[in-house]
Structures are given as structure tokens and as C-alpha cells.
Amino acid sequence: MKKIVVLDGYTLSPGDNPWALVEALGELTVHERTAPEDVVERGRDAEILLTNKTPVSAEAIVGMKHLKFIGVLATGYNIIDTHAAKERGIVVSNVPEYGTESVAQFTFALLLELCHHVGAHHLTVQAGEWTQNPDFSYWKYPLREISGKTLGIVGYGRIGKRVAEIGRAFGMRVIINSRTQPANLPEGIEWKSLRVLFAESDFVSLHCPQTKENLGFINKPQLALMKPSAFLINVARGALVDEDDLANALNDGVIAGAALDVLSSEPPSADNPLLKAKNCIITPHIAWAPIEARQRIMHTTAENIAAFIAGKPVNVVNP
């Protein structure tokens, strides 16, 4: 039986998402977490290595002599030195689609939280403010409707398209920007230049992949294009945002607020300026994590391994 080693299995399955489908394909060892310096030791005898966020460098690939296949337990595979893997004849596969519904749903959880501050109002009720209030109703923050507002979506892949559909269902005007302008957009969705999108949107939501070209593109000049009443939402990649510039924009009132599920370094350092920025909601990278999405990752990973064993690998990212 082929030896299968999982470097960081805890986030995919903290106990609620069994490894049975993968275990049926080989001799399985699951590590909850693995430090980068321990990758070679733990993967020394592995023929199949699975990782979510633990980097697999060129040096590690050279050190694992039996390795034939690397499976990424996610869509993004920048943690793998795919060039080094290809030079060794190692196949690298990912899970190209699993979280469209989950991430789109979470985008609107953040958007609606920015509009209604449900969590913050709940805490005031728990603190006794409603029982002591002279009125039947109160609100501590401005409350906003989203119908008729403009939603600007940067990136129009699977998730961006689903977010656009939901935005339209809420009665929003939807404008999008993507690297290439789609030929035929659904009714009610318009393509705009990035400059126009940022200037016209009441909510800007990031759904684009991280590339060398767009690192930190949400910076002071880009934020200055936005309305003072506008909000930024990021469920894509933290490194798309210059975090110092965004913190300054929030603290100076350049934009009204931000909601972020991703940061440039995860977990963040205690001195990340966004942790104390005004009107900034931060969640710990959980848009991807509903059980349904994690089950799809497990299922596709098992399919990837089975296809590799059968000599017909699928979802290969280093052909």
C-alpha cells in the first residue's frame, strides 16, 4: 500500500470530517500541524503527501526521496514549489472548486454585518442596555439598506459570479472588473474599469487571485477613489491589501469601514495595524470552512489520489 502523509490535517478535519475516503487508498498518517523544518522528516517515507497551508519547498522536495504525488487540500497552490516538483517528476494536484457557495455566502454575511452590526448590537443587549433603555428600540451604529446600492466585484471567476447573482437578488446594482472583459454578461451586470468601479461602488468586494502584479494594489491611491461612505470586503487573499494604507484610510475616515476574512500573515502578528483600526471587522479566515465545503475537499482529494494511482492524474497544476 502507498504511504500517504498529511502534514496539516486539523483545519480540514478537527474531528468532524473523517479521512475514511483517503485512508482507503493507502497507509495513512495524519499530522494535525507540521512546522516547515519538520516536513522532510515527516514525509521521508511518503509516496503521497497532502498539505493545506504547510509550505513544501524545493529543498523539502529533494529531501523526500520516495515522493511521487503532492495533493493540495485547497485551491491555491503557491505553497508548493511546483517547478521543483516537476523536475523530480512529482505530480501536484489541487482542489479547483469546493467553496463557491460557502465563500459567496460569507461575503454577504460580512456585507450585512457592516450594514446592521448584528454582533455588536447583540453584545449591547447582553450588557443590559436594552433592559435599561427608555425606548422600545435603539441602535448604536448607522443602519443601511443594500437594495439600490452599487456592489463592485473585483474578479469574476466562480465566486465572483455567484456573489454577483446574490447581489442582484438583493436588488443591488452590480458592476464587475476582471483581467479580461467578458463578452456576454448577464442582464443587470456591467463591466467597468477598476478606477470607475472603485469610484462608483458602495461596497467593493475582492474575489481575484493573488498575482505578482496585484500584490498590495488596495493602497492609498486606490482607496482614495472610494466614496467616504463606501466599504471594502476581502475574502480573497490578504496580500492584495496594503494593510498600513487601509488602516490609515479607516482611521482617517477615507472610507466608512472594512470587513476582512484574510490578512497578509495568518495568524496575524499582534502589531498588525488593522487589528485596532476603526470600523474594521476581521474574521479568522473561515469563509472556506463550512462542513459542506470541507467535505467536498476531502472527496475531491480522494478522487485526485485515486486518479494518480490509476495512472491518470487529474486537477494537475504542474503539467
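Helix α10 (residues 243–251) lies across β10 (231–234), β11 and β12 of the predicted model. The helix runs at about 140° to β11. Helices (H or I, at least four residues) and strands (E, at least two) are DSSP runs, numbered from the N terminus. Axes are lines fitted to C-alpha atoms, for helices over the stretch in contact, and angles run from 0 to 180 degrees between N-to-C directions. In this predicted model, local features need pLDDT of at least 70, side-chain atom pairs count only at pLDDT 80 or more, and totals for chains, interfaces and linings use all residues. Residues are numbered from 1 along each chain as its sequence is written, and side-chain values use heavy atoms, without hydrogens and water.

Seven strands form an open sheet in the order β8-β7-β6-β9-β10-β11-β12, paired in parallel. Two strands pair if DSSP finds at least two bridges between them. β8 (189–191) and β12 (280–282) are the edge strands, each pairing on one side only. Strand β11 (residues 257–260) is joined to β12 by three bridges.

The largest nonpolar core has 27 residues. Such a core is a set of buried Ala, Val, Leu, Ile, Met, Phe, Trp, Tyr and Cys residues joined through side-chain atoms within 4.5 Å. L206, L232, L246 and L274 have the most contacts inside it. Two or more residues come from each of α8 (194–200), β9 (203–206), α10 and β11. Helix α10 gives the largest share, four residues. Beyond four places in sequence, L274 is in contact (heavy atoms within 4.5 Å) with residues including E243, L246, A247 and L250. Its partners also include L260, L263, C280 and I282. Another core, of 26 residues, lies apart; L110, L151, Y156 and V235 are among them.

Three aromatic pairs are found in the whole structure. Rings of Phe, Tyr and Trp (its six-membered ring) pair if their centres lie within 6.5 Å; planes under 30 degrees apart count as stacked, over 60 as edge-to-face and the rest as tilted. F108 and F170 are stacked, 5.5 Å centre to centre with 15° between the planes. F108 lies in helix α5 (residues 100–116), and F170 in the loop between α7 and β7, 62 residues apart. F108 counts as buried because its relative accessibility is 4%. Buried means under 20% relative accessible area, exposed over 50%, partly exposed in between (1.4 Å probe, protein chains only). F170, at 35%, is partly exposed.
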